[in-house]
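The sequence and structure come first.

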Amino acid sequence: MKVRAFVDGQRVSGHRHRAGKSRAGLLLGAAVLLVESPSNTTTAQAQSALPPVTVEAPAQRPKPARASESPQRRTQAAARQRSRNAATPAAPTISERAAAAAAAQQAAKLGYRAMPSSTTLRSGASPLDTSQAVNVVPEQVLKDQLPRNIDDALINVSGITQTNTLAGSQDAVIRRGFGDNRDGSIMRNGMPVVQGRSFNPAVESVEVLKGPASLLYGIMDPGGIVNTISKRPELYQHGSVTLLGSAFSASKTGADGLLDVTGPIGDQGLAYRFIGYGVSEDYWRNFGRHREMLVAPSLAWYGQDTTVQLNYEHREFIYPFDRGTAFNPVTKAPLAVPSTRRLDEPFNNTWGTSDLMQASIEHRFNQDWKLYAGYSYNTETFSANQLRISTLNFTTGVETRSNDGTQGSLSNASYGTSYISGSFWLGNMRNEVVFGGDGQYRTIYRDNLIRQATPAINVYNPVYGLVGPGTTVSNSDSAQTDKLGQWSLFFQDTLHLTERFALVGGVRYMDYDQIAGRGKPFVTNTNVSQDKVLPLGGAILKLTEEVSLYASYTESLKPNSTIAPIGIVIDSNVAPEEGVSYETGVKFDLNKRISGTLALYDLDKKNVQTTKTNSAGVVELHTVGRARSRGVELDVTGRLTDSWALIGSYGYTDARVTASEDVTLLGKKLQNVALNTASLYLVYDFGTALPGQLRLGGGARYVGDRPGDAINSFFLPSYVVADIFATYETKYQNTPVIYQLNVKNLFDTVYYPSAVNNLNVAIGDARRVSLSATVKF
C-alpha cells in the first residue's frame, strides 16, 4: 500500500509532525498570524512548501518462524523479505524535492508570471483578494532586460517617472504624481532602506504597491512604495558565473563579473547563498568612470513550520556626479552642444560604502495563523565633489560655476516590525486579519558642505582641469541633519460576507518625532512631535475565480520639515502633509498565465509646503498648498501563448497644484510628471525547435513631455526608447552555458528623464551594447 507524505505541517504516514507607549524599542509591535496562499509562493517560500512525495508504506514485521519450520523455509522467507526491502524506493531528499520545485517554477518564470511577495502586502493574500493595485516586475524580466538601477527596472510599471536623482546618486521615483529622493518609499523585503541606490544583483524582483500605503508602512508620500525582493538561499546545490563586456562606443567600454552560488548545509533545512559582483566601466559622456563592488552572503533555515532568513550586503562604489545639461529659458531648447559634453569637471564624483543587514522569522502555528517578525539596519556613508552651474549665457557660452562638495555624509535606518495574520469565522463570515506594529529611527546627516567660488568656463570651447575640488567649508550650510523616529500599531480585516464579496477595513495609530536643521553651531528648523490615526477602507467583488472588481479609500501622512532657515521653526503647530485617495478597478489572472490590473484613482494631497515673502522681505513658510493627481493605469504581464510572453503598461497621470499662496504655482502641472507613459516588451521562445534554447525579445517605452520646474517655465520633450535582447542556452560538455546580447537605447536616442531646474537637466544613457556568458554548475 502507498500513502502520501507531505511537508509543511501536513500529515506524514498518517501522523502529524511538528518541527521543532514605549519609544525606546524600535519595535514592540503586536504581532501576527498569516494565512498563506499557495498561489503566492515566492522562491524562498517554495523551498519550505515542497511538492508532495509518494513513498511506500512500511512493510509489516514478519512473524517469528515456528520451531517446526525447517531452516530452508526460514532462509527462503528471509530472502523474500530482503528482496521486498531492496525494491522499496528511497524517499527523495530535501534537496531533491527543492530541485523539483524549482524546475516546476521555471516555466512560469519564463512566461513572465509572478505573484507579489507576502512582505509587500503584509499577508499571503492573492492580488485578486486585495483592494489596492500591486504591480510586479518578475525575476525573468530583470534577467532579460538587465536594468542597471531602479529607474531601469520600473520602466515596466505604469505611471512612474524619474525626478531629482541628485546627479545620478539617488533613487528618485515619482508614483502617481508624487515622490522624491530619500522620501522613505524604497523598501527591501518590506523594510525601508536609505542607501542611495537600492537595486543590485542581489535583487530578484521589484514590486510597487500603488497609492497611499501608510496603513502598512507609516510615514509616506501618497504615491506608494517600491519593494525590492532579495534572492534567497535554496535547498539544492547550484550556482553560476557570469562575465559581461559592455560598450557605449568604441572608446567607452566596461566589464562586469557576477558569482551566484547557493545550496544546502547538511540535511536539516539549512541553506546558504553567496553573491559577489564587480563592475568597472567608462561613463558614456566625455569623462567619468563607474566602479562598484558587492558582497552579499545570506543564510536561511526552512523548518517544518518555521522559516528564518538572514542576509547581509556590503557595497563600495564610485560613480560620476553628473547634473546633465541646461535648457535655454528663451528658446526652451537644450544647450546646443553634443550630449556627451559635460559642463563640470572630471573630479565630479560620488564615492562611498553601504551596508544592509536584515533578519526575519516566519512561524506557522497552524493552517490558519502565522507570525512574522523582521529587523533591518541600513547605513551608507559617502562624499561627493559637486561643481555645479550658477549661471549660463546661452549666447556667449560663458558659464559661472560654484565649486561645491559634501564631506562625511551619513544615512542610517533602523527598523523592526512584527505582525500576526490569519483567518477565523464569525458566524458564516470569514475574517482575514493582519495585526501588528513597527518602529523606525532614521537619520540623514551631511557633515561638511563645501561652498567655493571658481573661475568661469566657456561651454562651447571648454578647457577642463584648470581647477581642483573645493576645500572651503561653509559652516552655516554644514551639519545638515534630519532625524525621524516613529512607532505604530496597525490592524486590517478583510471580511468575506459571501464567497464573492468582501469588505476591507483597517486603521494605524502612529506616533512620530522629527528634528531637522543645519549649521555649525546647529540651528533647529524643524521640531515636531505628533500622533495620528489613519484609516483604510475597501471592497472586493470576485466576478469569477479569475476576475475581481475592487474599490478603496486610503490615507497617507508625512510631516512637513526643512533643514534650511525659513524665518520660522516648523513645529507641531504646522500640519503635516496628508494624502487621501479613492481608487477603483479590475484585476484579472487568466488561466494562471496572464495577469494584470486596470485602475482609476483620484489622489489629493493637502498641507503642501509653499513659501511667500512678506512685506518685510522675510521668507515665510505656509502649508496651505494643495496638489491633486487623477489617472488611469493598466498593467499586464504573463504568457500569451506557449512561445510568446509580454509585460506592458499604460499610465495617464493628470497631476497639478490646486491651491497655493504663491500664485505662480496655482494650476501648474507637477514637476517631472508626464501626462502619458507607456511600455511594451515582448519575448519569443523557440523552445525545442533548435539544438539549444533561443529567446528573442525587445520593446520600447514612451514618456510624454513633463514640466522641468515647478512654475512650468519649460518642458522636457517626450521620448521613445527601444531595447532588444537575445539569449541562447546550450551545453558545453554537459555544462549549461547561456550567451546573452543586450542593446539598450537601440536608436541612440537623446532624451531627458528629469530636471531640477533649467540649469540641471538629466540626460538619459546613450546606446549601450553588452554581451555576456553565464556558466551554470
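The side chains of Lys744 and Asp723 form a salt bridge, with 4.0 Å from N to O. A salt bridge here is a side-chain nitrogen of Lys or Arg within 4 Å of a carboxyl oxygen of Asp or Glu. Lys744 belongs to strand S38 (residues 735-744) and Asp723 to strand S37 (residues 719-732), so the pair links distant parts of the chain, 21 residues apart. Strands (E, at least two residues) and helices (H or I, at least four) are DSSP runs, numbered from the N terminus. Lys744 is buried, with a relative accessible area of 15%, and Asp723 is buried at 8%. Buried means under 20% relative accessible area, exposed means over 50%, and partly exposed lies in between (1.4 Å probe, protein chains only).

The model is predicted: local features need pLDDT of at least 70, side-chain atom pairs count only at pLDDT 80 or more, and totals for chains, interfaces and linings use all residues. Residues are numbered from 1 along each chain as its sequence is written, and side-chain values use heavy atoms, with hydrogens and water left out.

How many salt bridges does the structure hold? There are 48. The table lists three of them.

| Pair | Closest N to O distance |
|---|---|
| Asp221 and Lys605 | 3.2 Å |
| Arg442 and Asp482 | 3.1 Å |

Asp221 and Lys605 form a salt bridge. Asp221 sits in the loop between helix H7 (214-217) and strand S11 (224-230), while Lys605 is in strand S30, so this pair ties together parts that are 384 residues apart in sequence. Both Asp221 and Lys605 are buried.

Arg442 forms a salt bridge with Asp482. Arg442 lies in strand S22 (residues 429-450) and Asp482 in strand S24 (residues 480-496), so parts 40 residues apart in sequence are tied together. Arg442 is buried at 11% relative accessible area, and Asp482 is buried at 14%.

Salt bridges also link Asp129, Arg500, Lys542 and Glu545 in a network.

Asp589, in strand S29 (residues 577-590), counts as buried at 7% relative accessibility. Its side chain makes a polar contact with the side chain of Arg113 at 2.7 Å. A polar contact is a pair of N or O atoms within 3.5 Å; within protein, one must be able to donate a hydrogen and the other to accept it, and residues adjacent in sequence count only if both atoms are side-chain atoms.

The largest nonpolar core has 24 residues. Such a core is a set of buried Ala, Val, Leu, Ile, Met, Phe, Trp, Tyr and Cys residues joined through side-chain atoms within 4.5 Å. Strand S10 (203-210) is one of the elements that give two or more residues to this core, and S10 gives the most, with 3 residues. A second, separate core of 13 residues includes Leu121, Ala213, Tyr217 and Ile540.

On the surface, Leu598, Leu600, Leu634, Tyr650 and Tyr652 form a nonpolar patch with about 390 Å² of accessible area together. Patches are made of residues with over 30% relative accessible area and no salt bridge; like charges are joined within 9 Å, and nonpolar side chains (Val, Leu, Ile, Met, Phe, Trp, Tyr) within 5 Å. Accessible areas come from the Shrake-Rupley method with a 1.4 Å probe, and for residues only the protein chains shown count as cover. Strands S30 (594-613) and S32 (644-659) each supply at least two residues of the patch. Tyr650 lies in S32 and is partly exposed, with a relative accessible area of 32%.
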